[in-house]
Structures are given as structure tokens and as C-alpha cells.
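Please open the structure in your viewer and keep the sequence panel beside it. This tour moves from one selection to the next, and at each stop it says what is there.

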Amino acid sequence: AEVRGLFCSKRSRETTLEYCKSCNIVVADTTRLIVNTARSLFERYEFYSAFKFLEKARKEMRDGDLEGVITSSIAIFESVMKSCHEKKDVSLPDAKQVTGLWKSTRKILELDEAGRPDEITDLLNVLSGVVSGLGRLRNELGDAHGKGEYLPVVTEMTAELSLNTAATLATAVIRIYAELKEEKK
């Protein structure tokens, strides 16, 4: 095989292999690890809709669709929470915002039960702010609600942070769900 040239679809220009190796758009090794861990948990515990959105986010990141990465990232986390509700046969909350879903998920996964160390409770309260921030990020920078004439600037760092945060939160929720499932047996 003979390669005559490389075209970067993210930067829309001809490039070289040497430049590609040093490109700052390439996702970090930590992102690959977070995504692969989430993928394996989604498969293991049958959270297939979250798996679908994770794959979509990976492709969007690869193709430079940074607004799409943000939207798919939040969809990953929402899918995990909705699946927890379905698997535990609990109705979804009336409030459709991600923060209402998080509050309901905390309840059905017994995250606010007495007996938890104060540090865990503090962390869960901080995570509520993170969840709210992810929702705002999707509304302001994602492509879920359409855009006006002036498109927001989304950086690779913002898209990657959104993906990492949502996948990490989803992983934690699935691990807690799995622990509860085992305790019930």
C-alpha cells in the first residue's frame, strides 16, 4: 500500500503523520481509560442506552463535533439514571431536568441514607453542583436545543471534560446500583 497524503477531517486540511502525533486534539490517555471503564460496566450491567451514547460521543470526539460530544455526554449520564429507575421499577420524576433526575436517583439508590460518612455526604452534595453544571453546559454549548446565528466556541478541553465527568458519574452510579443489587440477594 502506498500513502500519498493525509487529510485531517478535524482541521480540514492536509497534514503529516508527525503533525498528527503532536496534535492537541487527540484525546488524553486518561480519557481513553475512563471511557473504556465505562464501556465495560455498561455492557456488564446491561446499560445499553448509555453504551450507545458513549459510542456516539467517542465518534463525535474523533470527528471534531465538540457540541455533539457535550450533548451525548450528558445523555450518557441521563441514560444511566433513567435505566436505574427502570431496573428498580421506579417512575421517573416529573421534573425532566437532569438535576431532578439526579435527586430522584440519589433517593432510589439510597445515597442519602443515614450512616454514611460525612465525607461521602459532602461529596454527594458537591456532585449535585457538578450535575447541574453539566446540564447548563449542554444547554449553552451543546447541540441539543438548537443555536442562533452566533455559535458558542467549544474547545476540545471542554468537550473532553464533559465526556470524562459524565462517564465518571455514570460509572459511580452503576457501581452503587450493582452494590445494592448484590446486597438485596
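Predicted model: local features only at pLDDT ≥ 70, side-chain atom pairs only at ≥ 80, totals over all residues.

Residues are numbered from 1 along each chain as its sequence is written, and side-chain values use heavy atoms, with hydrogens and water left out.

**The whole chain**

Now show the protein chain as a cartoon, where there are seven helices and two strands (DSSP runs numbered from the N terminus, helices being H or I with at least four residues and strands being E with at least two). Read along the sequence, the pattern is β-β-α-α-α-α-α-α-α, and the C-alpha trace spans about 65 × 40 × 30 Å along its principal axes. Of the 185 residues, 38% count as buried (buried means under 20% relative accessible area, exposed over 50%, and partly exposed in between, with a 1.4 Å probe and protein chains only).

**Back to Thr 105**

Thr 105 has its place in helix 5, residues 98-108, and it counts as buried because its relative accessibility is 0%. Leaving aside neighbours within four places in sequence, Thr 105 is in contact with Met 81, His 85 and Val 173, where contact means heavy atoms within 4.5 Å.

**Helix 2 against helix 3**

Two packed helices are described by the angle between their axes and the distance between the axes. Select residues 29-44 (helix 2) and residues 48-63 (helix 3), which pack at an angle of about 155° with their axes 8 Å apart; axes are lines fitted to C-alpha atoms, for helices over the stretch in contact, and angles run from 0 to 180 degrees between N-to-C directions. Helix 2 and helix 3 are therefore roughly antiparallel (angles over 145 degrees count as roughly antiparallel, under 35 as roughly parallel, 65 to 115 as roughly perpendicular and the rest as oblique). Show the side chains where the two helices meet: Val 35, Ala 38, Arg 39, Phe 42 and Glu 43 in helix 2 face Tyr 48, Ala 50, Phe 51, Leu 54, Glu 55 and Arg 58 in helix 3. The residues of this contact divide into seven nonpolar, no polar and four charged (Ala, Val, Leu, Ile, Met, Phe, Trp, Tyr, Cys and Pro count as nonpolar, Asp, Glu, Lys and Arg as charged, and the others, Gly among them, as polar).

**Two loop residues**

In the loop between helix 2 and helix 3, select Glu 46, whose phi is near 60°, a positive value in a residue other than glycine. Glu 46 counts as partly exposed, because its relative accessibility is 47%. Then go to Asp 89 in the loop between helix 4 and helix 5, which has a positive phi of about 55° although it is not a glycine, and which counts as exposed at 72% relative accessibility.

**Helix 7 and its partners**

The residues of the contact of helix 2 with helix 7 divide into nine nonpolar, five polar and two charged.

Finally, select helix 6 (residues 118-141) with helix 7 (residues 156-184), which pack at an angle of about 135° with their axes 11 Å apart. Helix 6 and helix 7 are therefore oblique to each other, and the residues of their contact divide into eight nonpolar, three polar and no charged.
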